[in-house]
Amino acid sequence: MRVLCCQVADFLIKLVYLRAPTLIGRPLALLGPDERVCATSPEAEESGVHKGMTPRQAQMRCPDVTIQALD
(Lines give C-alpha, C1' and ligand atoms only; values in the text may rest on other atoms or scores of the structure.)
Protein backbone atom coordinates (compact mmCIF):
# COMPACT_ATOMS: atom_id res chain seq x y z
CA MET A 1 0.00 0.00 0.00
CA ARG A 2 1.27 3.46 -0.88
CA VAL A 3 0.42 6.62 1.02
CA LEU A 4 0.76 10.18 -0.19
CA CYS A 5 0.99 13.05 2.26
CA CYS A 6 0.53 16.56 0.96
CA GLN A 7 0.78 19.67 3.11
CA VAL A 8 -0.81 22.89 1.86
CA ALA A 9 0.48 26.04 3.53
CA ASP A 10 -2.30 28.19 5.02
CA PHE A 11 -4.92 25.60 3.99
CA LEU A 12 -7.83 27.11 5.97
CA ILE A 13 -7.07 30.60 4.71
CA LYS A 14 -6.96 29.36 1.12
CA LEU A 15 -10.37 27.73 1.55
CA VAL A 16 -11.78 31.12 2.60
CA TYR A 17 -10.16 32.70 -0.47
CA LEU A 18 -12.11 30.29 -2.69
CA ARG A 19 -15.39 31.64 -1.32
CA ALA A 20 -14.30 35.27 -1.01
CA PRO A 21 -11.53 36.15 -3.47
CA THR A 22 -11.80 39.82 -2.49
CA LEU A 23 -10.00 38.92 0.75
CA ILE A 24 -6.83 37.83 -1.05
CA GLY A 25 -3.94 40.07 -0.07
CA ARG A 26 -5.72 41.52 2.96
CA PRO A 27 -5.13 40.67 6.64
CA LEU A 28 -7.45 37.82 7.63
CA ALA A 29 -7.88 35.87 10.87
CA LEU A 30 -10.13 32.87 11.44
CA LEU A 31 -11.67 32.15 14.84
CA GLY A 32 -12.01 28.63 16.16
CA PRO A 33 -14.80 27.32 18.39
CA ASP A 34 -12.98 28.69 21.46
CA GLU A 35 -13.27 32.25 20.03
CA ARG A 36 -9.50 32.47 19.53
CA VAL A 37 -7.56 33.00 16.32
CA CYS A 38 -6.78 29.58 14.82
CA ALA A 39 -5.47 30.61 11.39
CA THR A 40 -4.02 33.78 9.90
CA SER A 41 -3.12 35.05 6.47
CA PRO A 42 0.50 36.06 5.84
CA GLU A 43 -0.60 39.72 5.79
CA ALA A 44 -2.15 39.38 9.26
CA GLU A 45 0.97 37.67 10.60
CA GLU A 46 3.15 40.48 9.25
CA SER A 47 0.96 42.92 11.22
CA GLY A 48 1.47 40.98 14.46
CA VAL A 49 -1.67 38.81 14.55
CA HIS A 50 -0.91 35.30 15.82
CA LYS A 51 -2.75 32.09 16.63
CA GLY A 52 -4.28 32.02 20.10
CA MET A 53 -5.17 35.72 20.22
CA THR A 54 -8.63 36.97 21.05
CA PRO A 55 -10.45 39.00 18.36
CA ARG A 56 -9.83 42.17 20.37
CA GLN A 57 -6.10 41.51 20.60
CA ALA A 58 -5.98 40.85 16.85
CA GLN A 59 -7.78 44.10 16.08
CA MET A 60 -5.45 46.04 18.39
CA ARG A 61 -2.44 44.68 16.51
CA CYS A 62 -4.01 45.17 13.06
CA PRO A 63 -7.05 47.47 12.84
CA ASP A 64 -7.63 46.41 9.20
CA VAL A 65 -7.84 42.69 9.96
CA THR A 66 -10.95 40.85 8.77
CA ILE A 67 -12.08 38.35 11.38
CA GLN A 68 -14.30 35.43 10.43
CA ALA A 69 -15.54 32.41 12.31
CA LEU A 70 -14.17 29.11 11.05
CA ASP A 71 -16.84 27.52 8.88
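**Close-up views of a predicted chain**

**View 1. The hairpin of E1 and E2.** Strands E1 and E2 form a hairpin with five residues between them, and Glu35 in the turn has a positive phi of about 65°. Strands here are DSSP runs of E with at least two residues, and helices are runs of H or I with at least four, both numbered from the N terminus. E1 (residues 28–31) and E2 (residues 37–40) pair in the antiparallel sense over three bridges, where pairing requires that DSSP finds at least two bridges between two strands. Ala29 has Thr40 in E2 as its bridge partner. The model is predicted, so local features need pLDDT of at least 70 and side-chain atom pairs count only at pLDDT 80 or more, while totals for chains, interfaces and linings use all residues. Residues are numbered from 1 along each chain as its sequence is written, and side-chain values use heavy atoms, with hydrogens and water left out.

**View 2. The open sheet of three strands.** The strands take the order E2-E1-E3, with mixed pairing. E2 and E3 (66–69) are the edge strands, each pairing on one side only. E1 and E3 run parallel and are joined by four bridges, and Leu28 has Thr66 in E3 as its bridge partner.

**View 3. Helix H1 across the strands.** Helix H1 (residues 11–19) lies across E1, E2 and E3, running at about 105° to E1. Axes are lines fitted to C-alpha atoms, for helices over the stretch in contact (heavy atoms within 4.5 Å), and angles run from 0 to 180 degrees between N-to-C directions.
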